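Colleague: I am new to this structure and would like to be taken through its aromatic rings and one of its sheets, step by step.

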Amino acid sequence: MLKNRNSLTRLRIGHLGFFALLLLVAGSTQVFAQQPGVIKGKIIDSVSTTPVSFATIRVFSSEEKKLIDGDISHEAGDFSLDVPFGKYYAEIDFMGYESQKTKVFIVSSDNPVHDLGTVKLATSVSTLDEVVVQAEKSTMELSLDKKVFNVGKDLANAGGSANDILMNIPSVSVDPEGTVKLRGSDNVRILIDGKPSGLVSFKGGSGLQQLQASMIERVEVITNPSARYEAEGMAGIINIVLKKERNQGFNGSFEVITGHPTNLGGAANLNYRHKKINFFINYSIAFREQPGDGRLYQEVYDLDTLEDESVYRGDSTTILKQNTNALITGFNTNIRGGLDFYFNEKNILTVSYLYRRSNASRITDIRYDDYLFNDSNMTGFTKRRQDEDEVEPNSEYSLIYKKSYEQKGHELTGEIKFLDNWESSDQWFMHDVFTPDGTPQLSRLERSLNDEFEKQWLFQVDYIKPLGKDGKVELGARASFRDMVNDYLVTRKNEQGEFEPITDLQGIDLDNVFEYDENIQAVYGILGNKTKKFSYQAGLRAEWTDVTTTLKETNEENPRKYANLFPSAHLTLDLPKENAIQVSYSRRVRRPFYNDLSPFMTFSDSRNYFSGNPDLNPEFSNVYEIGHIKYFDKGSFSSSIYYRDTKDKIDRIRLVDDKGLSNTKPQNLLSEKAMGVEFSSNYSPTNWWKLDFNFNFFHADIDGSNIVETYKATTYSWFARQTSRFTLPKGLDVQVRGNYEAPQKTAQGKRKSLYYADLSMSKDILKGRGTLTFNVLDVFNTRRLRSISEGINFYTDSNFQPRVRQFNLTFNYRIKQAKQVKKVLEE
């Protein structure tokens, strides 16, 4: 057991100060001449009454059946079009909702402004006997400020995890180790239901492997967020939205999963709404086995043989050939429940609770073959085994109140959230050294005990007030108080059979307690308006950061306090024929987080260590983007040009000592300047073939000369993803997806190309109430993480595959109460 330290249970709540809300005031200028007539209205969800933004409105001539003009509803659901006088009808569409077609109306000198009023869109449904099955939304919805990826329609997600979903989203890539990148940058903020989550606190994006795909409704990708969002996340924000039905009556779905390598699981999503109460619950359970392998080749040179500090592969070379085999066995449980209480349709209180528990075991076998001069002169080999048991329970509590005023779009929302997470790891290491002929030389036994704790309070309030016809002002405040503690102890068995702490490994004491205390307070203001086809939004966010890290046993404290302003601006021009252009700017920050700052080293690999850096500084970026979107009858197409100018860029740097031991930890580089173009589209050439396509090309200049003069790189890289879905006779759907990430230079070398393909197929059964889905992820087993790193005295070539090809078979069953059942429940 670890030492009992008072710091493990301490929760420090900082002082909640008075927030002075900020307002931005700007003028507007009419840039378009007045047209003879106007058509306007507002679009809302028929159940929740929330605005439906980015719905498509098309106006047709009633006589010629010809498209006259189109528009896209704004964030508040409103829209306005200029049209000549005439007789028209309108069609309103949004993916996942039933289309609406209006009656014929006249715009004339007597009626120059025709108000369609509030248009209520209903979710698409299909009736089968006494069972009503909710239709799935289209895979991808494109808009100027974000992309929405609806999980249900993508066959490759069945039986997978949240990480599997992110691998299939435009602009997003996930490497085999679980690191999530947005437009090639791993500096992305991951939220769940719009808020931070303990799921990514300790493990970052790789922690999403614990969240089953069946619990997720959609994923939103926001590449240039407004001041409404926290400034964290240089490349943008990925928001994972969990399922929560609000349909009247009793509704639900059940899922059973099997797969190879072992992937067994089940899930249930249920809701019951009656009058003022909506109750929802989601549950999932999964047992998985994840085999992986890897190999590494490394040369280390004697610095005395180097000339002018350039890499020279001379006669004093030591060579390492390393092979790794691993098996991770995980048992994950997720349960989320809550209720919405409707005081009335304008006052809603939501209470929810989320509990996750992950039990995992990890067996890793590593063999190190050592050579001198060349790979025919072996000096010995070493075998090392890691045997780890890990438990990780997480709890999240949320209380949300929303008030809607009489004026449309006038809203007040407040939330209190509490996160309580911990992780306990117990690892044993067997380490045996042999001569080239296999004679034992050394045997040792080591143990690592690692307990991590997190407690966080989050308070947030948001207020929206419409101004005039199309304007609005938004104000908000946010306070976050987070305390994290890592009690870390590594011991080694001595000759007397006792375990004693390792207190000096590459200068790091492995018997210590690391504390991370973070307080962030923020206020923001946004002002937006619209003049004809031109709309603008300007915002300013102020954040005060207070972070202190402490090593308790050695009494080392590192406080950081800073205040920053984060402006943002979005300008949108609606063009004819359902086109729109947006220009946006935002200032972003990446604060060094807990894992970035913790000095403790991973211990599973005795030659290659990974740690944090307590002296790390935050990095700041100015992000610019120009985007265009075009809607047409059979799909949509979006394009964008973006530029990121980053100072004090955080990147992981690998250093190797003269014994061949490496330590990789984050460092502040001088800068990175990145520019790219991106194209995304969805298109249906026929009613049986649907296409999604995403292409991203970017250029980056990386300057790490403050670390080593030669750590500079100019890189061009690109990645592409294409999905085709075919609807075949007898209700069979087939989906094929290909992914390719081109090689990319880094400050110390390059990351080699990454490519893989997925195949999926599904068929509805039981009169449409059930669906069978079979998929193969990484069909050709090619998804490997390959890289080259070079320094003054070393060369390293690595090739790892943490996850192999996966086969999954999933059965999903959907229910909605029959009329007679509904009557019984209501009684």
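Modeller: Before counting, a rule is needed: rings of Phe, Tyr and Trp, the last by its six-membered ring, pair if their centres lie within 6.5 Å. Please also keep in mind that this is a predicted model.

Colleague: What kind of pair do the rings of Trp428 and Phe499 form?

Modeller: Planes over 60 degrees apart count as edge-to-face, whereas planes under 30 degrees apart count as stacked. The ring centres of Trp428 and Phe499 are 5.8 Å apart and their planes stand at 75°, so the pair is edge-to-face.

Colleague: Which strands hold Trp428 and Phe499, and how far apart in sequence are the parts that the pair ties together?

Modeller: Trp428 belongs to strand E24, residues 411-434, while Phe499 belongs to strand E27, residues 499-501.

Colleague: Are the rings of Phe637 and Phe679 stacked or edge-to-face?

Modeller: The centres of these two rings are 6.1 Å apart, and the angle to judge is the one between their planes. Since that angle is 25° and planes under 30 degrees apart fall in one class, the pair of Phe637 and Phe679 is stacked.

Colleague: How many residues apart are Phe637 and Phe679?

Modeller: Phe637 lies in strand E34, residues 635-647, and Phe679 in strand E37, residues 671-686. The pair thus links distant parts of the chain, with a separation of 42 residues.

Colleague: Is Phe637 buried, exposed or partly exposed?

Modeller: Buried means under 20% relative accessible area and exposed means over 50%. Phe637 has a relative accessibility of 31%, which lies between these limits, so the residue counts as partly exposed.

Colleague: Which residue in E36 is the bridge partner of Leu655?

Modeller: Strands E35 and E36, the latter spanning residues 662-668, run antiparallel and are joined by seven bridges. For Leu655, the bridge partner in E36 is Asn663.

Notes:
Residues numbered from 1 in each chain as written. Predicted model: local features only at pLDDT ≥ 70, side-chain atom pairs only at ≥ 80, totals over all residues. Heavy atoms only, no water. Helix = DSSP H or I, 4+ residues; strand = E, 2+ residues; numbered from the N terminus. Buried < 20%, exposed > 50% of the residue type's maximum accessible area, 1.4 Å probe, protein only. Pairing = 2+ DSSP bridges.
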